Amino acid sequence: MSDIAAPEVRLWQWVEDRARAVFRLYGCDEVRTPIPERVEVYVRALGEGTDVVQKEMYSFTDRGGRAIALRPEGTAGVMRYVAGAVAPGQDARLYYLGPMFRAERPQAGRKRQFHQIGVEFIGAASPVADAECIALQVHLMDAWGLAGYDVQVHTRGLPEDQPAVRKGFQDHLRPLISGLCEECRRRFETHPLRILDCKQEECRNIVAGTPPVTSYMSDASRAYFDEVLRLLDAAGVRARVNPQLIRGLDYYAHTIWEITHPALGAQDALAGGGRYRIAMAGRDIEGVGFAVGLERVLLAVQASPQPPTPDPSEPVIWLVTAGGDAARAANLGLLQKLRREGVAAGMDTGGRSMKAQMRAADRSGAAWVAIRGEEELAQGRIKLKRMADGTEDLVTQEELPRRLAGPGLPPLP
Ligand code: AMP
């Protein structure tokens with residue numbers, strides 16, 4: 001887990017601001033769900049057998065004897081919210097943003113507290129919604145200035161297809177089972193399709209020769225996926241069909257996708273998404289959504305050809321007090337006046353010497369320094385110094401904000 005502080009946090013804020021602006025264009029509203037939820041919410045939504053539920057949840061029993069987990073992902077909590085707040089048959093477009101917790105083995109690209117931005121389009125299965133959701137995700141990548149990312153799509157078919165898919169896949173692999181890694185030999189009975197996803201060389205080689213899982217699906221499921229691909233094309237989204245794409249959660253139905261980025265190394269998944277059917281509070285909630293890992297977005301943004309330079313937090317002006325308490329009090333008054341006018345301003349609070357204050361002014365990175373002592377105060381003047389070239393001028397307090405609005409300064413908010 002990491003602290004996120006300046007200067008890096010400014011890039012986080014930039015990434016978040018960009019995302020909010022894009023979500024606005026698609027009619028998405030933010031939802032903020034609690035970070036702790038009942039374990040049951042995750043077991044229900046994600047499935048008992050998934051890695052997240054089996055191995056990765058930070059769970060504990062609270063004082064009331066309830067089994068609680070820190071959210072390992074965002075969708076389950078959103079579904080719990082939707083079950084209580086969105087009427088059946090009604091559509092909703094939601095996004096969330098915040099920390100997630102998984103008790104994973106720490107390694108490069110994997111943290112125990114990490115952050116995700118996610119979107120959920122709640123509504124019945126529709127290839128248009130799926131294509132639009134992927135288009136939104138791609139729009140987000142572009143808004144972050146990312147280049148070189150790879151969008152891979154595939155389909156899980158419907159839950160009704162699963163017995164045939166599972167059987168077809170298992171039948172094909174059965175004679176080859178001894179060549180699989182230990183974990184995949186175990187998965188063969190419990191979650192055979194996960195073998196498609198295995199990173200071990202021996203498993204990848206075996207999987208490369210298997211027929212596409214879509215060949216075991218119904219015609220209707222294949223037609224749905226073909227329509228998604230056609231619509232992605234119409235929406236101007238470049239996506240590649242990856243027949244080995246599987247995604248680790250049980251709730252997916254129909255379209256699934258993943259976005260990878262070359263700057264990320266071994267853990268190159270930037271985002272993943274898909275259409276789902278989730279049973280929650282006696283209802284089946286259908287929707288399509290995705291989650292993006294923000295730590296990884298940050299890495300990719302920093303590696304982009306022209307990384308953004310978020311607004312600096314330097315003050316525009318630094319006030320220096322020459323002299324006693326009256327001048328200091330007057331300068332505090334001026335400081336507040338400037339800030340109220342939208343000018344970022346600072347001054348020394350430690351009663352330091354002029355020399356120390358000038359050094360602090362320099363360190364602050366302010367474009368201007370205003371010096372005022374008893375003498376200037378008596379004359380109703382302020383000595384204004386432009387740091388770029390050292391030029392000095394005497395101005396009145398009223399003139400000051402106008403003088404600062406010169407070239408090279410950020411516009412007032
Ligand atoms: P998932 O919910 O597993 O589909 O993950 C979605 C995205 O969240 C991934 O593509 C990663 O970018 C990010 N992610 C998942 N787990 C972690 C983690 N432990 N540390 C950092 N990022 C993660």
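Me: How do I read the sheet, and in what order do its strands stand?
Reply: Strands of a sheet pair through backbone hydrogen bonds, either parallel or antiparallel. Strands here are DSSP runs (E, at least two residues; helices are H or I, at least four), numbered from the N terminus, and two of them pair if DSSP finds at least two bridges between them. In this predicted model, 8 strands form an open sheet with mixed pairing, in the order β1-β5-β6-β11-β10-β9-β7-β8. β1 (29–30) and β8 (240–241) stand at the edges with a single partner strand each, so one side of each has no neighbour in the sheet.

Me: In which sense do β6 and β11 pair?
Reply: Their pairing is antiparallel, over 7 bridges. Opposite I122 stands G287 in β11.

Me: What should I know about the model before looking at side chains?
Reply: This is a predicted model, where local features need pLDDT of at least 70 and side-chain atom pairs count only at pLDDT 80 or more, while totals for chains, interfaces and linings use all residues. Residues are numbered from 1 along each chain as its sequence is written, and side-chain values use heavy atoms, with hydrogens and water left out.

Me: Which residues come nearest to the ligand?
Reply: A residue is near a molecule if one of its heavy atoms lies within 4 Å of it. There are 14 residues around the ligand, and R102, E104, K111, Q116 and R247 come nearest. A polar contact is a pair of N or O atoms within 3.5 Å. A side-chain N or O atom of E104 lies 2.5 Å from a nitrogen atom of the ligand, and a polar side-chain atom of R102 is 2.9 Å from a ligand oxygen atom. From A271, a polar backbone atom lies 3.4 Å from an oxygen atom of the ligand.

Me: Which elements give two or more residues to the shell around the ligand?
Reply: They are β6 (113–122), β10 (269–280) and β11 (283–293). β10 gives the most, with 3 residues.

Notes:
A polar contact is a pair of N or O atoms within 3.5 Å; within protein, one must be able to donate a hydrogen and the other to accept it, and residues adjacent in sequence count only if both atoms are side-chain atoms.
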